[in-house]
Amino acid sequence: MKKSVGAALLALVLLALTLFWFLGRGDDGDGVLELHGNVDVRQVSLAFEEAGRLTELTVEEGDTVAAGDVVARLDTETLALQVRQAEAELAARRAQLEQLRNGSRPEEIAQAREAVRAAQADAERTRQDLARMQQASAATEGRAVSTHDLDAAKSAAEAAAARAEEAGQALALARKGPRVEQVATAAAQVQAAEAQ
């Protein structure tokens, strides 16, 4: 018990001497306590906008820095690759938009026109085959042509007429070009790629 009381008294005496020494030594009459020493910072958080590897550290320990000073530089190779990728995407989107705005090429329209002619010629041929079979059947009272052959010729003529109609609609679409909505979508994709 005597040891703990002695230790407590010794601690109080040391504390009093320390306070007296600090207050008496640094006081120059203006009430400011002046202390000297080094500040040792063990962890620093640098505020980069993007994460990455450092390529250069421009200051050393103990250097004075001010707000706005360059302290370190990041490796920008990955960012440069991302920029090139975004530029390529933008170029592709612009080309797609230009293609839609230009509409069908003359060669595409000519190809659709030829498809219509071929489909119409096939429809006309199957219609004539059906007419001949019907005449032969009527002239022979159904003995020259079977009912099965007449039905097949009728189906072939109807299918050929439908293909001719479809080819005509495809030609009309080729002449009109892309829908307004497709052009608007492509324009929006260009704007998104520009923002990227």
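This is a predicted model: local features need pLDDT of at least 70, side-chain atom pairs count only at pLDDT 80 or more; totals for chains, interfaces and linings use all residues.
How many residues does helix H4 have, and how far does H4 reach from its first C-alpha to its last? That's where I'd like to start today.

Okay, so H4 runs over residues 147-176, which gives it 30 residues. End to end, C-alpha to C-alpha, H4 reaches 44 Å, close to the 44 Å you'd expect at 1.5 Å a residue.

Now, what about the buried side of things? In H4, the buried residues are Leu 150, Ala 153, Ala 157, Ala 160, Ala 164, Ala 167, Leu 171 and Ala 174. And which helix do they pack against? That would be H3, residues 106-139. Then, just after H4 ends, Gly 177 takes a positive phi of about 90°, if you want to check the backbone there.

Let's move on to the charges. The structure holds eleven salt bridges, and I'll walk through a few.

Take Arg 93 and Glu 89, whose side chains meet with an N to O distance of 2.8 Å. Both sit in helix H2, residues 77-102, and because they're four residues apart, about one helical turn separates them. As for accessibility, Arg 93 comes in at 24%, so it counts as partly exposed. Glu 89 is partly exposed too, with a relative accessible area of 38%.

Next up, helix H3 again. The side chains of Arg 117 and Glu 114 form a salt bridge at 2.5 Å, N to O. This pair is three residues apart in H3, which means a separation of about one helical turn. Arg 117 has 45% relative accessibility and counts as partly exposed, and Glu 114, at 43%, is partly exposed as well.

Is Arg 179 buried or exposed? Arg 179 is at 56% relative accessibility, and since the cut-off for exposed is over 50%, Arg 179 counts as exposed. Glu 181, at 48%, is partly exposed.

Besides pairs like that one, there's a network to look at. Salt bridges with shared partners join Asp 122, Arg 125, Asp 129, Arg 132 and Arg 163 into one network.

So, to recap: H4 has a span close to the expected one, its buried residues pack against H3, and there are eleven salt bridges in the structure.

Conventions
Residues are numbered from 1 along each chain as its sequence is written. Side-chain values use heavy atoms; hydrogens and water are left out. Helices (H or I, at least four residues) and strands (E, at least two) are DSSP runs, numbered from the N terminus. The expected span of a helix is 1.5 Å times one less than its number of residues. Buried means under 20% relative accessible area, exposed over 50%, partly exposed in between (1.4 Å probe, protein chains only). Contact means heavy atoms within 4.5 Å. A salt bridge is a side-chain nitrogen of Lys or Arg within 4 Å of a carboxyl oxygen of Asp or Glu.
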